[in-house]
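Biologist: I am new to this structure. Please show me how to read its features.

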Amino acid sequence: MSRGGFSAPAKKSLGQHFLHERSFIDRIVLAVDPQPGDRLVEIGPGQGAITLPLLRRHGELTAIEFDRDLITPLMETAEGVGRLTIIHKDVLAVDFGKLAGDEGPLRLVGNLPYNLSSPILFHALAHAAVIRDMHFMLQKEVVDRMGAAPGSKVYGRLSVMLQAYCRVTPLFVVPPGAFRPPPKVDSAVVRLLPKPAAEIGVRDPQRFEQVVRAAFGQRRKTLRNALDGVCDSARIEQAGLRPDARAEQVDVDGFVRLANIE
Ligand code: SAM
């Protein structure tokens, strides 16, 4: 039984690895540091490992959970602790814009199902305008990719797409033993702060996505070859980049300049 939550068999298909080590739960709550008036939204509350401590601290929270079997026990555990609203839905079908309404931006928190971590990140990015910040637990390998700098072996599409729209700060590593059942790999908690609109240089998000995807689709090729049919050499040079460079050498601003050229 996790402290503050309840116990139920984990479903592998839903990426259920329940956090039980108090010290890591405390560190997540400390990192989120909820303030009066904040609108906390947890993705995948599971058995309530993070939900209950956040509720105790903040008094109010909305959680999005796909597993029907977890909802009644979670509501029962939260009784008397705070005001918990559970949305029983696939998080990818949740419109964060509608959820935010005009009552202020959301603060997302979640120990994410690892099989869905990239789709959830991109779904959140699409709603970045209504999100104040995000604190997510993911596979450490994914967090390494999210925060990577050019030249790193793990610098790629995820790094560029996230860093163009958010400040990415890896916070701490969590070992497999902190979860039941333990995953096979280390996990890490990361903070994402969406940039203010004025700081995001991307003119056309779809074009940006297309250029970044093509450049890293064949990461061993030069930009000239990888971007064949997407950007010609003249445009690559116009963006201040070398056509014989590889995508992994180009920084986020370089991709923004390249995608912005008409
Ligand atoms: N927050 C809990 C904890 O830290 O112990 C559970 C984390 S577990 C890694 C991931 C949670 O996400 C599970 O509760 C799972 O049922 C839920 N989940 C999986 N797929 C989901 C989806 N598409 N939408 C919403 N929740 C989902």
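Modeller: Start with two definitions. Axes are lines fitted to C-alpha atoms, for helices over the stretch in contact, and angles run from 0 to 180 degrees between N-to-C directions. Helices (H or I, at least four residues) and strands (E, at least two) are DSSP runs, numbered from the N terminus. Now the ground rules. This is a predicted model, where local features need pLDDT of at least 70, side-chain atom pairs count only at pLDDT 80 or more, and totals for chains, interfaces and linings use all residues. Residues are numbered from 1 along each chain as its sequence is written, and side-chain values use heavy atoms, with hydrogens and water left out.

Biologist: At what angle do α6 and α7 pack?

Modeller: Helix α6 covers residues 140-147, and its angle with α7 is about 60°. The two axes are 6 Å apart. Angles under 35 degrees count as roughly parallel, over 145 as roughly antiparallel, 65 to 115 as roughly perpendicular and the rest as oblique. α6 is therefore oblique to α7.

Biologist: Which residues in α6 and α7 meet?

Modeller: Contact means heavy atoms within 4.5 Å. From α6 come V142, R145, M146 and G147. They meet L158, S159, L162 and Q163 in α7. For classes, Ala, Val, Leu, Ile, Met, Phe, Trp, Tyr, Cys and Pro count as nonpolar, Asp, Glu, Lys and Arg as charged, and the others, Gly among them, as polar. This contact has four nonpolar, three polar and one charged residues.

Biologist: How far apart are the axes of α7 and α8?

Modeller: They are 9 Å apart, and the packing angle is about 155°. That makes α7 roughly antiparallel to α8. In α7, R157, V160, M161, A164 and Y165 take part. Their partners in α8 are P205, F208, E209, V212, R213 and F216. By class, the contact has eight nonpolar, no polar and three charged residues.

Biologist: What is the crossing angle of α8 and α11?

Modeller: The axes of α8 and helix α11 (residues 252-260) cross at roughly 120° and come within 9 Å. α8 and α11 are therefore oblique to each other. On the α8 side are R207, F208, V211, V212, A215 and F216. On the α11 side are F255, V256, L258 and A259. Nine nonpolar, no polar and one charged residues make up this contact.

Biologist: How is a pocket defined, and how much space lies in the largest pocket?

Modeller: On a 1 Å grid over the protein atoms alone, a pocket is an open set of points where a 1.4 Å probe fits, with protein on both sides within 12 Å along at least five of seven lines; lining residues have an atom within 4 Å of a point. Grid points are joined across faces, edges and corners, and a volume is the space filled by probe spheres set on the points. The largest pocket holds about 400 Å³. Its lining has 28 residues, with L14, G44, E65, N111 and P113 nearest the centre. β1 (18-19), β2 (39-43) and β3 (60-65) each give two or more residues to that lining.

Biologist: Which residues lie nearest the centre of the second largest pocket?

Modeller: They are L125, A126, A128, Y165 and I200, among 14 lining residues. The space is about 290 Å³. α5 gives the most to this lining, with three residues. The lining divides into twelve nonpolar, no polar and two charged residues.

Biologist: Where is P181 found?

Modeller: P181 is in the loop between β8 (179-180) and β9 (187-194). A cis peptide bond joins R180 and P181, with omega about -15°.
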